[in-house]
Amino acid sequence: MFHHPSFDDHEAVLHARDAASGLSAIIAIHNTARGPALGGCRVWTYVDDDAALTDALRLSRGMTYKAAMADLPLGGGKSVVIVPARGATSPAMFEALGQAIETLSGRYIVAEDVGSSPSDLAHTRRHTHHVTGLDPKDGGRGDPSPTTARGCYIGLLATARAAGLGPPSGLHVAVQGLGNVGYGLARHLAEAGARLTVTDISLERTTLAERELGAKGVPPEDIGLVEADLFSPNALGATLNATTIPALKVRAVAGGANNQLATPDDGAALAGRGILYAPDYVLNAGGVIKMAGEYYGWDDAEVDRRVDAIADRLDEVFEEAARTATPTHAVADRLAEARFGRG
Ligand code: NAD
């Protein structure tokens, strides 16, 4: 473990095994300096156990940075449930996960992630209170995506201001991905009068945005070539890479997708081209803020206030990046590390 390439001084890593339900899970707690480690439960068919461990170590670390830059009283954690085939889960498995989480006495708080749903976590909740992001019928506050989308909108406007672009009504934004986050963001932009060029691999989503939001649809392979003010990635990770960055014709990048930079060098490449990059985990923290609010019982006004502050944190990143001539992704990491005591 201590020599694992993705090990980053994690505080705890637990293998949770339950023969009766077939549960095999890894719970990684990266850092709890700011508070309990929050992170989703990923259910995946991994090629081997090392791939599962790598995911748990990397994703839990990412959550520490996201929570710190959202100024939340939370650290970073993640659980991965290893399944032999897609969908091979059961209520008993999620209950057994709850029993394992309860042994951690609140050091780890679970939420949904790829492969798990709020209704799965309702089973987990039977054995531990350390669950967030539940459906309203189970006492939760429901889908965090609209809050993520609102945070992305606020963050995109802050990015536009910092890049010297005008008000939202004068912006042209190229939106990649029209799912829960991307469509919500596009709707905010359309309501503010922005011009939108959009794409999704689902033609239905693109057509809907054309009809409802007055957007112009383009094929997925063309969205990174659009001459616009901002490019907004809201689909997959690693869309900013050595192939796509040289082709961008925008002044700034601001989107909700996780892990947009294929490598840290790509953050430097964007800066080198004079393209202002809004670090993804600073911009897309609305969902985690909402889940923190559910866990701690904050009212809507408190959640909104914290989501609005995404703009302030981006301003802090952009100012420090300009002052020190450092790429924004590196500045965000440094500011996050200072917030969780690694500065
Ligand atoms: P989603 O599955 O609802 O939407 C993703 C959309 O992207 C889908 O409509 C899909 O068809 C489209 N897509 C996939 N590949 C594409 C491609 N090559 N080109 C164009 N479109 C493509 O997911 P979501 O919840 O909207 O999340 C989007 C991104 O935001 C993900 O990276 C996710 O990790 C991140 N994120 C989401 C939240 C949240 O609250 N949902 C919070 C933080 C980060």
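This is a predicted model: local features need pLDDT of at least 70, side-chain atom pairs count only at pLDDT 80 or more; totals for chains, interfaces and linings use all residues.
Residues are numbered from 1 along each chain as its sequence is written, and side-chain values use heavy atoms, with hydrogens and water left out.

View 1. The ligand has 17 residues around it, and T148, V181, D200, A235 and N258 come nearest. Here, near means that a heavy atom of the residue lies within 4 Å of the molecule. The shell divides into 6 nonpolar, 9 polar and 2 charged residues. In this count Ala, Val, Leu, Ile, Met, Phe, Trp, Tyr, Cys and Pro are nonpolar, Asp, Glu, Lys and Arg are charged, and the others, Gly among them, are polar. S145 places a polar side-chain atom 3.1 Å from a nitrogen atom of the ligand. V181 has a backbone N or O atom 2.8 Å from an oxygen atom of the ligand. A polar backbone atom of G256 lies 3.3 Å from an oxygen atom of the ligand. The ligand taken alone exposes 830 Å², and the protein buries 71% of that. These areas come from the Shrake-Rupley method with a 1.4 Å probe; for residues, only the protein chains shown count as cover. Helix 4 (145–162) and helix 5 (180–191) are the elements that give two or more residues to the shell. Helices (H or I, at least four residues) and strands (E, at least two) are DSSP runs, numbered from the N terminus.

View 2. Helix 4 has 18 residues and reaches 25 Å from its first C-alpha to its last. That is close to the 26 Å expected at 1.5 Å a residue. The expected span is 1.5 Å times one less than the number of residues. Helix 4 is mostly covered, with 14 of its 18 residues buried. Buried means under 20% relative accessible area, exposed over 50%, and partly exposed in between (1.4 Å probe, protein chains only). Just after helix 4, G164 takes a positive phi of about 75°. Helix 5 has 12 residues and reaches 17 Å, close to the expected 16 Å. Its buried residues are V181, G182, Y183, G184, L185, A186 and L189. Their cover includes helix 4, strand 6 (172–176), strand 7 (195–199), helix 6 (203–213) and strand 9 (230–233). Just after helix 5, G193 has a positive phi of about 90°.

View 3. Most residues other than glycine have a negative phi. D71 is not a glycine, yet its phi is positive, about 55°. D71 counts as partly exposed because its relative accessibility is 32%. S105 is also a residue other than glycine, and its phi is positive, near 55°. The loop that holds S105 runs between helix 2 (91–102) and strand 5 (108–112). At 63% relative accessibility, S105 counts as exposed.

View 4. S24 has its place in strand 2 (residues 23–31). Its relative accessibility is 17%, so S24 counts as buried. Leaving aside neighbours within four places in sequence, S24 is in contact (heavy atoms within 4.5 Å) with H15, A16, V80, V81 and I82. G40 is found in strand 3 (residues 37–44). G40 counts as buried at 7% relative accessibility. Not counting residues up to four places away in sequence, G40 touches K78, S79, Y108, A111, E112 and D113. G40 and G76 are 36 residues apart along the chain, and 9.8 Å separates their C-alpha atoms.

**View 5. I275, between a helix and a strand.** I275 is found in the loop between helix 7 (264–272) and strand 11 (276–277). I275 is buried, because its relative accessible area is 4%. Apart from neighbours within four places in sequence, I275 is in contact with L248, V250, R251, A252, V253 and L270. The C-alpha atoms of I275 and I245 are separated by 9.3 Å, and the two residues are 30 apart along the chain.

Methods:
A polar contact is a pair of N or O atoms within 3.5 Å; within protein, one must be able to donate a hydrogen and the other to accept it, and residues adjacent in sequence count only if both atoms are side-chain atoms.
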